[in-house]
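Please look over the chain shown here. The report below walks through its sheets, a helix and its charged pairs.

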Amino acid sequence: MKERPIIFSSPMVRAILDGRKTQTRRIVKGIGLAPGIGEIYKGSDDAEEWVKECPHGTVGDRLWVREITKEHLIGSVSLTEYVADGHVSNDKWYYPRHTRPSIHMPRLASRITLEITSLRIERLLDITEEDAESEGADFLGTDESNGSYKYGFLLLWDRINGKKSTDSNPWVWVVEFKRLGGNL
């Protein structure tokens with residue numbers, strides 16, 4: 001079992017804490033497309049071989065969540081506040097600035113640990129309604145006939161990855177996980 005860091009935005013951290021997010025999709029890098037075919041090609045057509053090379057780990061590995069934190073003053077004492085939900089820990093603030101971007105969060109400050117339960121590769125637009133809900137996406141629309149979690153997810157994807165980034169329908173790692181106990 002290995003541990004690796006993974007960055008989540010504040011809304012996605014809240015979704016994890018609320019138990020609404022149990023999946024994440026990340027763009028597949030380093031695997032090209034076969035010319036004219038439009039399918040993943042890496043010298044092998046064995047999907048299990050591709051999954052073994054997932055940069056996020058394999059089933060059973062752990063991911064520790066990096067999130068934005070900021071300084072929280074109580075009198076003259078500087079503590080750490082997690083921006084996603086405003087939780088203040090007893091950890092002293094030692095970062096040189098008042099806000100620490102998620103990329104700079106050390107392992108010791110992480111409060112959320114996830115265990116990978118499943119991995120696969122698929123096209124972004126192949127996401128199902130159920131998977132979009134498991135991504136922590138909001139249901140957008142007034143009722144089931146004209147709204148969906150999938151629409152909410154695709155809007156969220158474009159907000160995080162750039163406007164119209166869904167248009168290219170990239171290959172993505174689908175990482176399913178469960179939150180481990182002992183974290184806040």
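## Overview

Of the 184 residues in the chain, 43% count as buried (under 20% relative accessible area; exposed is over 50%, partly exposed in between; 1.4 Å probe, protein chains only). The model is predicted: local features need pLDDT of at least 70, side-chain atom pairs count only at pLDDT 80 or more, and totals for chains, interfaces and linings use all residues. Residues are numbered from 1 along each chain as its sequence is written, and side-chain values use heavy atoms, with hydrogens and water left out.

The chain has four helices and eleven strands. These are DSSP runs numbered from the N terminus: helices are H or I with at least four residues, strands are E with at least two. Among contacts between residues at least 6 apart in sequence, 67% join residues at least 24 apart. Contact means heavy atoms within 4.5 Å.

Two strands pair if DSSP finds at least two bridges between them.

S2 and strand S11 (residues 171-179) run antiparallel and are joined by five bridges. In this pairing, Arg25 stands opposite Val174 of S11.

## Helix H1

Helix H1 (residues 10-17) has these buried residues: Ser10, Met12, Val13, Ala15 and Ile16. They pack against strand S5 (62-66), strand S10 (113-123), helix H4 (149-161) and S11. Just after H1, Gly19 takes a positive phi of about 80 degrees.

## Arg25 and its partners

The structure holds 13 salt bridges. Each is a side-chain nitrogen of Lys or Arg within 4 Å of a carboxyl oxygen of Asp or Glu. Arg25 forms one with Asp131, the closest N and O atoms being 3.2 Å apart. This pair links distant parts of the chain: Arg25 is in strand S2 and Asp131 in helix H3 (residues 129-134), 106 residues apart. Both residues are buried.

Arg25 also meets Glu135 in a salt bridge (2.9 Å, N to O). Glu135 is in the loop between H3 and H4, 110 residues from Arg25. Glu135 is buried too, as is Arg25. A network of salt bridges links Lys21, Arg25, Arg120, Glu122, Asp131, Glu135 and Glu176.

## The four-strand sheet

Four strands form an open, antiparallel sheet in the order S8-S7-S6-S9. Strand S8 (88-92) and strand S9 (99-100) are the edges; each has a single partner strand, so one side of each lacks a neighbour in the sheet. Strand S6 (residues 69-74) and strand S7 (residues 77-82) pair over six bridges, in the antiparallel sense. His72 has Leu79 in S7 as its bridge partner. Glu81 and Lys70 meet in a salt bridge (3.9 Å, N to O). Glu81 lies in S7 and Lys70 in S6, so the pair ties together parts eleven residues apart in sequence.

Glu71 is buried without a salt bridge, and the nearest side chain of opposite charge, Lys70, is 10 Å away (Lys and Arg count as positive, Asp and Glu as negative; His and the chain ends are not counted). The Glu71 side chain makes a polar contact with the side chain of Ser78 (2.6 Å) and another with that of His98 (2.4 Å). A polar contact is a pair of N or O atoms within 3.5 Å; within protein, one must be able to donate a hydrogen and the other to accept it, and residues adjacent in sequence count only if both atoms are side-chain atoms.
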